[in-house]
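This report is meant for a reader who is meeting this structure for the first time.

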Amino acid sequence: AILAIVLLAGQRALRVTIGSDWHFFALGAAFLLLEVQTVSRATLLFGMTWIVNAIVISAVLVMILLSNLVAWRWPRIPQAVIIAGLSLTLVGLALVPLDWFNALTGATKLFAASAFLTAPVFFAGLIFIRSFAKCEDKSRALGSNLIGALVGGLLEALSFVTGIRALIILVGLFYLIAILRRPMAGPTSSIAAAE
């Protein structure tokens, strides 16, 4: 219903949607879907408390910070390695049962599960950083990313029909779109360009 209202809001809204940068749109949608399923699955391990939500969101922010540090320190990591890392972590989320973490206790369980659940954010962050360094219209890229996040948030409601684990497939599809539509020209990063 919200998407229908946006499309009916007028020609300007339609131009914004059609003129989106689909690479950043897909990255935004995948990120929000990934964060939602991460929080939902973490509650299966630790229970539904505000502390768990704070820890998971903190883990997401730590992964984003780490991806920025890695992109700054090692700007020439091959893109194929980053895509492979993203793919493997998503496959791990889809196939590895969370019960494995119940063998751990205390802080070990908390840190291991948080790192496992948020690992794709690290690799997706590297893709975002490199793409953002290459793009010429940064305001359009950020706007597309935010619209994608809105769509990802709306698609989260599919979990009521498909279950939380099935959202990983949707996350994977959005990341596939993002990879296929990523900018190909230009420097691998702003740091590499400066060198």
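Leu 45 has its place in helix α3, in what is a predicted model. Because its relative accessibility is 10%, and buried means under 20%, Leu 45 counts as buried. Leaving aside the neighbours within four places in sequence, the residues in contact with Leu 45 are Leu 98, Phe 101, Asn 102, Lys 109 and Ala 113. One of these, Leu 98, lies 53 residues from Leu 45 along the chain, and the C-alpha atoms of the two are separated by 7.3 Å.

## Two partly exposed positions

Ser 87 is found in helix α5, and with a relative accessibility of 37% Ser 87 counts as partly exposed. Along the chain Ser 87 and Tyr 175 are 88 residues apart, while the separation of their C-alpha atoms is 9.0 Å.

Leu 176 belongs to helix α9, and its relative accessible area of 45% places Leu 176 in the partly exposed class. Between Leu 176 and His 23 there are 9.6 Å in space, C-alpha to C-alpha, although in sequence the two are 153 residues apart.

## Helix α9

The residues of α9 that are buried are Leu 167, Ile 168, Leu 170, Val 171, Phe 174, Tyr 175, Ala 178 and Ile 179. An α-helix has 3.6 residues a turn, so residues three or four places apart point the same way. Against which helices do the buried residues of α9 pack? Their partners are α3 (22-46), α5 (79-95), α6 (106-134), α7 (138-155) and α8 (159-162).

## Where α3 meets α7

The axes of α3 and α7 come within 6 Å of each other and cross at roughly 40°, which makes α3 oblique to α7. The crossing of these two helices, α3 and α7, is right-handed.

On the side of α3, the contact is made by Phe 24, Phe 25, Leu 27, Gly 28, Ala 29, Leu 32 and Leu 33, and α7 contributes Ala 141, Ser 144, Asn 145, Ile 147, Gly 148, Ala 149, Val 151, Gly 152, Gly 153 and Leu 155. Sorted by class, the contact of α3 with α7 has eleven nonpolar residues, six polar residues and no charged residues.

## Where α4 meets α6

Helix α4, made of residues 50-73, packs with α6 at an angle of about 45°, and their axes are 7 Å apart. That angle makes α4 oblique to α6, and α4 passes α6 in a crossing that is right-handed.

From α4 the contact takes in Ile 55, Val 56, Ala 59, Val 60, Met 63, Ile 64, Leu 66, Ser 67, Asn 68, Val 70 and Ala 71, and from α6 it takes in Leu 110, Ser 114, Ala 115, Thr 118, Ala 119, Val 121, Phe 122, Gly 125, Leu 126 and Ile 129. By class, the contact of α4 with α6 has 16 nonpolar and five polar residues, and no charged residues.

## Where α6 meets α7

Helices α6 and α7 pack at an angle of about 145°, with 9 Å between their axes, and α6 passes α7 in a right-handed crossing. In this contact Phe 128, Phe 132 and Ala 133 of α6 meet Lys 138, Ala 141, Leu 142 and Asn 145 of α7. By class, the contact of α6 with α7 has five nonpolar residues, one polar residue and one charged residue.

Ala 141 and Asn 145 of α7, which take part here, are also among the residues of α7 in the contact with α3.

## The chain as a whole

How many helices and strands does the secondary structure of the protein come to? There are ten helices and zero strands, and read along the sequence the pattern is α-α-α-α-α-α-α-α-α-α. The protein has 195 residues, of which 41% count as buried. Among the contacts with a separation of 6 or more, 83% are accounted for by residues 24 or more positions apart.

Methods. Residues numbered from 1 in each chain as written. Predicted model: local features only at pLDDT ≥ 70, side-chain atom pairs only at ≥ 80, totals over all residues. Heavy atoms only, no water. Buried < 20%, exposed > 50% of the residue type's maximum accessible area, 1.4 Å probe, protein only. Helix = DSSP H or I, 4+ residues; strand = E, 2+ residues; numbered from the N terminus. Contact = heavy atoms within 4.5 Å. Axes fitted to C-alpha atoms, helices over the stretch in contact; angles between N-to-C directions. Parallel < 35°, antiparallel > 145°, perpendicular 65-115°, else oblique. Left-handed = near helix turned anticlockwise from the far one by under 90°. Nonpolar A, V, L, I, M, F, W, Y, C, P; charged D, E, K, R; others polar.
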